[in-house]
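Please find below a note on the model under review. It takes helix packing and then the pocket.

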Amino acid sequence: MPDDVRRLVIAARNVAFGDPTDPEALKELDKASEAFADRLPWQDEPEEVAHG
């Protein structure tokens, strides 16, 4: 499994099943999700914008 996927899943689990207000857990989730920011559009963003 790619490291970026592993990091994202672990960070998401820490927030979902731990303390969802823990600033360090949220910071790690934010960092882990950055690896996917240019590959996936935001909810209201057109698909072609996300892929450049």
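The numbered points follow.

1. This is a predicted model, in which local features need pLDDT of at least 70, side-chain atom pairs count only at pLDDT 80 or more, and totals for chains, interfaces and linings use all residues. Residues are numbered from 1 along each chain as its sequence is written, and side-chain values use heavy atoms, with hydrogens and water left out.

2. Helix α1 (residues 3-17) packs on helix α2 (residues 23-34) at an angle of about 150°, the axes being 9 Å apart. The angle makes α1 roughly antiparallel to α2 (over 145 degrees, on a scale from 0 to 180 between N-to-C directions).

3. On the α1 side, the contact (heavy atoms within 4.5 Å) is made by R7, L8, A11, A12 and V15. The α2 side supplies A25, L26, E28, L29, K31, A32 and S33. By class, these residues are 8 nonpolar, 1 polar and 3 charged.

4. D30, S33, E34, F36, A37, L40, P41 and W42 line the largest pocket, each having an atom within 4 Å of a pocket point. This lining comprises 5 nonpolar, 1 polar and 2 charged residues.

Key:
Helices (H or I, at least four residues) and strands (E, at least two) are DSSP runs, numbered from the N terminus. Angles under 35 degrees count as roughly parallel, over 145 as roughly antiparallel, 65 to 115 as roughly perpendicular and the rest as oblique. Ala, Val, Leu, Ile, Met, Phe, Trp, Tyr, Cys and Pro count as nonpolar, Asp, Glu, Lys and Arg as charged, and the others, Gly among them, as polar. On a 1 Å grid over the protein atoms alone, a cavity is a set of points where a 1.4 Å probe fits but cannot get out, and a pocket is an open set with protein on both sides within 12 Å along at least five of seven lines; lining residues have an atom within 4 Å of a point.
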